[in-house]
Amino acid sequence: MEKKQEGPGVEEIFQEYGNMLYRIAFVMMKNTFDAEDVVQDTLIRYMEHTRRKKIFETEEHRKAWLIRVDINLCKNRLRFYKNHPRISMEQLAQYYEREEDTRLMDSLLLLPQKYREVLLLHYVEGYQGKEIAEMLSLSETAVRKRMERGRNGLRELLEET
């Protein structure tokens, strides 16, 4: 008897959302290796979640869940790394793929995590304030304020260089 699968499998999820999850993780983790590990851990969590017969209401619900898990895993690693620093900003520069992005990425990565997070979700992933607020369990006002402060901080950092 064939086992019925609810929703897409890990391969399909990776094909659909892998790049997005990686971009989020890379901006938060600041290096390729940790970003890849976080994406892998996110997919493992997805497998465990679906194995327990948890079903997502909509595809947007699935996507939001994946983003939230990805961000939370990054935060967990960052909490650990805060007490165990291991990579400098100079070492990080070697991971940039396009030279013209280096200045912007350097500045973005210098921002506090809470500002990086909302800027990434809005400008890179295209989410609106309300959606970001739901994903991060914040009020829309808090998201708008973080975006404003993040943009101002980014502007100041870019003017300094």
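Mentor: One definition to begin with: helices (H or I, at least four residues) and strands (E, at least two) are DSSP runs, numbered from the N terminus. The model is predicted, so local features need pLDDT of at least 70 and side-chain atom pairs count only at pLDDT 80 or more, while totals for chains, interfaces and linings use all residues. Residues are numbered from 1 along each chain as its sequence is written, and side-chain values use heavy atoms, with hydrogens and water left out.

Trainee: In which loop is Ser-137 found, and is Ser-137 buried or exposed?
Mentor: Ser-137 is in the loop between helix H7 (129-136) and helix H8 (140-160). Its phi is near 55°, a positive value in a residue other than glycine. Buried means under 20% relative accessible area, exposed over 50%, and partly exposed in between (1.4 Å probe, protein chains only). Ser-137 has a relative accessible area of 66%, so Ser-137 is exposed.

Trainee: Near what value is phi of Lys-30?
Mentor: Lys-30 is in the loop between H1 and helix H2 (32-51). With a relative accessible area of 22%, Lys-30 is partly exposed. Lys-30 is a residue other than glycine, yet its phi is positive, near 75°.

Trainee: What is the secondary structure of the protein chain?
Mentor: From the N terminus on, the elements run α-α-α-α-α-α-α-α. The count comes to zero strands and eight helices.

Trainee: Which element of the protein chain has the lowest mean pLDDT?
Mentor: pLDDT is the predictor's confidence in each residue, from 0 to 100. The chain averages 83, and 83% of the residues score at least 70. Over residues 1-5 the pLDDT is below 50. H1 has the highest mean among the elements (93), and the lowest, 52, belongs to helix H4 (residues 89-92).

Trainee: At roughly what angle do the axes of helix H1 and helix H6 cross?
Mentor: Axes are lines fitted to C-alpha atoms, for helices over the stretch in contact, and angles run from 0 to 180 degrees between N-to-C directions. The axes of H1 (residues 10-29) and H6 (residues 113-124) come within 10 Å, and the crossing angle is roughly 155°.

Trainee: Is H1 roughly parallel or roughly antiparallel to H6?
Mentor: Angles under 35 degrees count as roughly parallel, over 145 as roughly antiparallel, 65 to 115 as roughly perpendicular and the rest as oblique. The crossing is at roughly 155°. That makes the pair roughly antiparallel.

Trainee: Which residues in H6 meet H1?
Mentor: The H1 side supplies Arg-23, Ile-24, Val-27 and Met-28. They meet, in H6, Gln-113, Arg-116, Glu-117, Leu-120, Leu-121 and Val-124.

Trainee: Which residues is Lys-75 in contact with, leaving aside its neighbours within four places in sequence?
Mentor: Lys-75 is in helix H3 (residues 59-83). At 25% relative accessibility, Lys-75 is partly exposed. Contact means heavy atoms within 4.5 Å. Neighbours within four places aside, the partners of Lys-75 are Met-28, Arg-68, Gln-113 and Glu-117.

Trainee: Which residues is Ser-107 in contact with, leaving aside its neighbours within four places in sequence?
Mentor: Ser-107 lies in helix H5 (residues 102-110). Its relative accessibility is 3%, so Ser-107 counts as buried. Setting aside neighbours within four places, Ser-107 touches Leu-154, Leu-157 and Leu-158.
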